[in-house]
Amino acid sequence: MTGKSNGDGTVGKALEVLDRVAAMGRPVRFTELLEDSPYPKATLYRFVQTLKNQGMLAYDPERQTYAMGIRLVRLAHAAWQQSSLAPIARPHLDALAADVGETVHLAQLDNAQVLYVDKRNATRPLEMYSSAGKVGPAYCTGVGKVMLSYLDEAILGPILEQQSYHRFTNHTLTDAKALRAELRAIRQNGYGFDREEHEPGIICVALPILTAGGRALGALSVTSSVERQSLAGLEKLVPRVREATQAIASVSRDWGFPDQHTSSEKVETN
């Protein structure tokens, strides 16, 4: 835990504890949380007990461990239904995957990262990082780059500063200047590629899901491997993928995805 949410008060600190339990990927003991906690023992214990009382954490008295609580499942399902493109995109993903025979991803931007919200496996599945619910880098994935390419500069600039630019492969773009050049080309073409930038041997073609005003709600990609596809081969699928993105965008207009972000939020106080 890093203490980054100090400005968010008690709620932010408690959520950091929840994030830490989630990152462990298994039930954890209180002593494990305490090892790298920036908070005193009593403070950390109070956060943990509050999260447990609210159903955010589940406690196993026999093993004396904490795990993610069932309330989070209900909240996640509600968020998936209300904020994710997945429910309305499902039939279009099914049809696209059946037509192309390759892996299809649906993704949205989550702050400065890519959130994979749905996935259809290829007829011959590939071993790869992505799966629904996982978060990946935006700067070196096809879906990430096409969504970045449609951001206004006021939003794009800070997001580019947050990218790690870690070199995953020899093809990874490792600085903002190179990425900006790539984003300009994507914006001009209307689609982009992952050229083994995130995982060796994995390539994709990706297109944005655009509102009528040109804002990217998300992105679709068709992913394959260099052993059975080429970038030229994937490029031939662009018209079919565009058909799917346009269909999803059309349906999304009736599902509360606004065409533009509001410039300000009104906060009511009692």
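In which strand is Phe-193 found? In this predicted model, where local features need pLDDT of at least 70, side-chain atom pairs count only at pLDDT 80 or more, and totals for chains, interfaces and linings use all residues, Phe-193 is found in strand 6 (residues 192–195). Residues are numbered from 1 along each chain as its sequence is written, and side-chain values use heavy atoms, with hydrogens and water left out. Strands (E, at least two residues) and helices (H or I, at least four) are DSSP runs numbered from the N terminus.

Phe-193 has a relative accessible area of 11% and is therefore buried (under 20%; exposed is over 50% and partly exposed in between; 1.4 Å probe, protein chains only). Beyond its neighbours within four places in sequence, Phe-193 is in contact (heavy atoms within 4.5 Å) with residues including Gly-142, Cys-204, Val-205 and Leu-231. Its C-alpha atom is separated by 7.8 Å from that of Thr-141, 52 residues apart along the chain.

Strand 1 (residues 57–60) and strand 2 (residues 65–68) pair in the antiparallel sense over four bridges, pairing requiring at least two DSSP bridges. Ala-58 stands opposite Ala-67.
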